[in-house]
Amino acid sequence: MSELTRAQIRDLMGEVMKAQGKTLPSDDGADLREIGFRSLDFSELALRVEDEIGDELNFDAPGLRQIAKVGDVLDFIEQLQSA
Amino acid sequence: MSEPTLVPPSKVVLVSGGSKGLGLAFVNDLIDAGVKVAAFARTVTPELTALAEKYPDQVHVGSVDVTDEKGAQAFVKEVEAKLGPIDGLVNNAAVGQDSLHVHTSAEQIANIIHTNLTAPLVLTRFVLRRMMAKGLKGRIVNVTSICAQRGYPGLVAYSATKGGMDSATRSMARELGGRVLVNSVAPGFFASDMSAVLGQTQLDQIVRRTPTGHLTEPEEVVPVVRMLLLENTNINGQVLVIDGAASI
Ligand SMILES: NC(=O)c1ccc[n+]([C@@H]2O[C@H](COP(=O)([O-])OP(=O)(O)OC[C@H]3O[C@@H](n4cnc5c(N)ncnc54)[C@H](OP(=O)(O)O)[C@@H]3O)[C@@H](O)[C@H]2O)c1
């Protein structure tokens with residue numbers, strides 16, 4: 001199955017947040033702590049992406065610790081897909 | 001009733017993963033204590049090579065992957081031929097983990113379990129068979145971790161292996177009937193290649209929660225292992241936690 005585009009990943013991220021009654025801002029520079037997107041939400045997003053592409057995206061935690069903004073999440077998942 | 005006979009201090013000690021970090025600290029300390037030491041790791045570091053060159057009659061080193069059963073057994077025989085029968089074993093070699101369980105592949109989990117649990121049990125079995133066949137007494141120290149007793153995110157498979165080794169320690173101590181003393185040392189986090197993945201925030205948090213106010217240093221673990229290998233203490237089947245009471 002093919003990789004998801006950045007926009008598709010963003011849509012899935014929006015769904016993860018919506019399920020918790022939160023809204024994903026359109027600004028890639030938005031701070032994850034401020035919008036309430038935590039590390040387990042990142043896990044959920046990664047697992048949703050895996051479901052879509054039919055492949056596992058396993059990764060270590062240190063990379064995750066660098067993630068601070070919405071754009072970082074999208075970058076990280078894009079990189080994982082193409083790794 | 002027959003007189004109980006003490007288990008003598010170890011004379012020839014095999015340290016797995018003795019090339020760097022805590023393992024190398026054990027090797028240095030045991031050399032200083034006058035013990036013959038054999039050490040292996042997948043990569044023999046310049047530090048280990050230098051020790052083998054400096055103490056040719058006291059130290060034997062080799063490049064062995066602990067998961068390679070045949071290779072590890074061949075190394076044990078090499079050590080026996082060069083230094084004499086092994087009567088002390090420190091199961092120190094291990095791989096770390098820093099990944100959430102849901103994002104750790106089945107292969108990675110299998111590798112952690114193989115390296116940290118299956119391989120040391122198999123190596124221990126082999127060393128014990130050699131000891132017992134020669135009528136020797138001996139001592140075993142398993143280097144486990146505070147993770148076996150307390151929960152830490154990102155360390156699920158690793159913790160399972162360390163808990164497994166602590167459990168094996170107790171059962172082995174019973175099974176070996178005092179002929180071989182078997183104990184674990186369970187350090188808290190200390191600085192090494194393995195813990196280098198921890199972020200500064202996590203390290204600061206561990207220090208804040210530690211009554212003694214600092215991370216465990218390898219130099220603080222070394223004397224405990226030396227005691228378990230060389231002193232008469234009647235400590236057997238125990239897990240000695242060395243973490244400044246961070247986990248209490
Ligand atoms: N660092 C901590 O915070 C911490 C805390 C509690 C407990 N511990 C435990 O303390 C022990 C030592 O850890 P450390 O921090 O000193 O780790 P380290 O610096 O990463 O050293 C690990 C040693 O094990 C060897 N090793 C790893 N895989 C091996 C394999 N398949 N075959 C043979 N040797 C292997 C390594 O050499 P090669 O890679 O060349 O093989 C190295 O000599 C481990 O049992 C660890 O679980 C560590």
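Keep in mind that the model is predicted.

Interface to begin with. Twelve residues come from chain B, and twelve come from chain A. Between them the two chains bury about 870 Å². Carbon and sulfur atoms account for 50% of that area. On the chain B side, look for Asp98(B), Leu100(B) and His103(B). These residues supply 59% of the area that chain B buries against chain A, more than any other three residues.

How many salt bridges does the rule find between chain B and chain A? One. Asp98(B) pairs with Arg65(A), and their closest N and O atoms are 3.0 Å apart. The rule also finds five residue pairs in polar contact across the interface. As for make-up, the side of chain B that touches chain A has four nonpolar residues, seven polar and one charged.

Next, Asn232(B). Where does Asn232(B) sit in chain B? In the loop between helix H7 (218–230) and strand E7 (239–242). Is Asn232(B) buried or exposed? Asn232(B) counts as exposed because its relative accessible area is 52%, and the cut-off for exposed is over 50%.

Asn232(B) still has partners. Beyond its neighbours within four places in sequence, Asn232(B) contacts Leu6(B), Val7(B) and Arg139(B). Take Val7(B). Along the chain, Val7(B) and Asn232(B) are 225 residues apart, yet their C-alpha atoms are separated by 7.7 Å. Then Arg139(B). Its side chain and that of Asn232(B) are joined by a polar contact of 3.4 Å.

Key. Residues are numbered from 1 along each chain as its sequence is written. Chains are lettered from A and ligands numbered from 1 in the order in which they are written. This is a predicted model: local features need pLDDT of at least 70, side-chain atom pairs count only at pLDDT 80 or more; totals for chains, interfaces and linings use all residues. Side-chain values use heavy atoms; hydrogens and water are left out. Contact means heavy atoms within 4.5 Å. Buried area is the accessible area (1.4 Å probe) that two parts lose on being put together, summed over both. A salt bridge is a side-chain nitrogen of Lys or Arg within 4 Å of a carboxyl oxygen of Asp or Glu. A polar contact is a pair of N or O atoms within 3.5 Å; within protein, one must be able to donate a hydrogen and the other to accept it, and residues adjacent in sequence count only if both atoms are side-chain atoms. Ala, Val, Leu, Ile, Met, Phe, Trp, Tyr, Cys and Pro count as nonpolar, Asp, Glu, Lys and Arg as charged, and the others, Gly among them, as polar. Helices (H or I, at least four residues) and strands (E, at least two) are DSSP runs, numbered from the N terminus. Buried means under 20% relative accessible area, exposed over 50%, partly exposed in between (1.4 Å probe, protein chains only).
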